[in-house]
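Have the model open as you read.

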Amino acid sequence: MIVKLYVVFDKVAAEAGPVFQAKNDGVALRQYNELLVKNQVKNTEEYQLLCLGQYDTEKPSVVSFPTTEVYLTVDDNDE
């Protein structure tokens, strides 16, 4: 199975937290939002959810691609 690899980047600290995996951008955004709520983050603009690449759990291998910020739009339908 292919999963994507993500990090939460703290703009103020200028560093990313630990890498985590999710099936798609929508699931990663849900985890990101739950993290912000759990930690009672008020300045959400200080953080970015970034996708670093993908991981094949069957091979196993990692494929990186240019880091992109994740946004949820109506057309997002990653599988």
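Leaving aside its neighbours within four places in sequence, which residues is Asp56 in contact with? They are Met1, Ile2 and Ser61. Keep in mind that you're looking at a predicted model.

Asp56 itself sits in strand β4, which covers residues 47-56. Asp56 is buried, yet has no salt bridge. What the Asp56 side chain does reach is backbone: the nitrogen of Glu58 is 2.8 Å from it, and the backbone nitrogen of Lys59 lies 3.4 Å from one of its polar atoms.

The structure holds one salt bridge, and Asp25 forms it with Lys4, with the closest N and O atoms 3.5 Å apart. This pair ties together distant parts of the chain, as Asp25 is in helix α1 and Lys4 is in strand β1 (residues 2-10), 21 residues apart. Helix α1 itself runs over residues 25-38.

Is Asp25 buried or exposed? Its relative accessible area is 13%, so Asp25 is buried, because the cut-off for that is under 20%. Lys4, at 18%, is buried too. Asp25 has another partner besides: a polar contact of 2.6 Å joins its side chain to that of Tyr6.

How values were computed:
Residues numbered from 1 in each chain as written. Predicted model: local features only at pLDDT ≥ 70, side-chain atom pairs only at ≥ 80, totals over all residues. Heavy atoms only, no water. Helix = DSSP H or I, 4+ residues; strand = E, 2+ residues; numbered from the N terminus. Buried < 20%, exposed > 50% of the residue type's maximum accessible area, 1.4 Å probe, protein only. Polar contact = N/O pair within 3.5 Å; in protein donor to acceptor, adjacent residues only side chain to side chain. Lys, Arg positive; Asp, Glu negative; His and termini not counted. Salt bridge = Lys/Arg side-chain N within 4 Å of Asp/Glu carboxyl O. Contact = heavy atoms within 4.5 Å.
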